[in-house]
Amino acid sequence: MRVLIVSDTHGRHTALDRALEEAGHIDMFIHLGDVEGGEEYINAVVDCEKHLVKGNNDFFSDLPREEEFNIGRYKAFISHGHPYYVSLDPEYIREEGESRNADIIMFGHTHRPFFEQKNGITVLNPGSLSFPRQEGRRGSYMIMEIDGDKEPVFEQFFLAQ
């Protein structure tokens with residue numbers, strides 16, 4: 001199973017289109033918030049299972065604030081992250097995910113990639129496709145691949161400038 005994980009597109013589809021093209025075939029698409037009206041566009045261009053949550057800039061969206069679901073045998077917890085103060089420290093969202101027995105915790109909001117594996121739990125942020133804030137300021141996304149009973153493999157990608 002191949003999963004494309006993005007966040008913070010802010011209604012700008014050019015970078016999203018590039019990420020979709022670069023990713024190739026995907027079995028699942030995850031958007032971690034700040035879609036800013038891009039739900040219809042995503043539904044039109046992504047034809048696999050989708051999970052999207054509401055970000056702090058998705059004022060009039062009907063998207064859920066957070067979601068729990070399985071990716072293969074792994075339980076995922078996704079949130080934009082702002083209610084868990086991820087800009088200060090990812091520990092609060094880690095604790096929330098642990099309380100929900102999540103194996104993989106995903107958030108956005110900071111516009112910076114983050115990846116940590118500790119005590120059997122993965123916490124990640126793919127960064128922002130549209131407004132990156134890390135050094136080099138290149139749009140970023142992640143791909144997770146699960147092959148049968150093997151552990152998931154995560155890879156961070158940056159859009160070419």
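Reply: Happy to! There is an open sheet of five strands here, in the order β3-β2-β1-β9-β10, with mixed pairing. This is a predicted model, where local features need pLDDT of at least 70 and side-chain atom pairs count only at pLDDT 80 or more, while totals for chains, interfaces and linings use all residues. Residues are numbered from 1 along each chain as its sequence is written, and side-chain values use heavy atoms, leaving out hydrogens and water.

Me: What makes β3 and β10 edge strands?

Reply: β3 (49-52) and β10 (153-158) each have a single partner strand, so one side of each has no neighbour in the sheet. Strands here are DSSP runs of E with at least two residues, helices are runs of H or I with at least four, and both are numbered from the N terminus. Neighbouring strands of this sheet are turned by 20° against each other on average, direction ignored.

Me: How do you know that β1 and β9 pair?

Reply: Two strands pair if DSSP finds at least two bridges between them. β1 (residues 2-6) and β9 (residues 140-145) share four bridges, in the antiparallel sense. The bridge partner of L4 in β9 is I143.

Me: What does helix α1 touch?

Reply: Helix α1 (residues 13-23) packs on the sheet and touches β1, β2 (28-31) and β9. Contact means heavy atoms within 4.5 Å. The direction of α1 makes about 160° with that of β1, where axes are lines fitted to C-alpha atoms, for helices over the stretch in contact, and angles run from 0 to 180 degrees between N-to-C directions.

Me: Why is S7 called buried?

Reply: Buried means under 20% relative accessible area, exposed means over 50%, and partly exposed lies in between (1.4 Å probe, protein chains only). S7 has 0% relative accessibility, so S7 counts as buried. This residue sits in the loop between β1 and α1. Leaving aside residues up to four places away in sequence, S7 touches several others, including H31, H80 and H109.

Me: Why is the pair of Y85 and Y92 called edge-to-face?

Reply: Rings of Phe, Tyr and Trp (its six-membered ring) pair if their centres lie within 6.5 Å; planes under 30 degrees apart are stacked, over 60 edge-to-face, and the rest tilted. For Y85 and Y92 the centres are 6.0 Å apart and the planes make 75°, hence edge-to-face. Y85 is exposed at 51%, while Y92 is partly exposed at 45%.

Me: And what makes the pair of F115 and F154 tilted?

Reply: Their centres are 5.3 Å apart, with 55° between the planes, and that angle falls in the tilted range. F115 lies in strand β7 (residues 113-118) and F154 in β10, so the pair ties together parts 39 residues apart in sequence.

Me: How do you know that R94 and E98 form a salt bridge?

Reply: A salt bridge is a side-chain nitrogen of Lys or Arg within 4 Å of a carboxyl oxygen of Asp or Glu. The closest N and O atoms of R94 and E98 are 3.6 Å apart, which meets that cut-off. Both belong to helix α3 (residues 91-99), and being four residues apart, they are separated by about one helical turn.

Me: Which other residue meets R94 in a salt bridge, and at what distance?

Reply: E116 does, at 2.8 Å from N to O. That pair links distant parts of the chain, with E116 in strand β7 and R94 in helix α3, 22 residues apart. R94 is buried, with a relative accessible area of 2%, and E116 is partly exposed at 27%.
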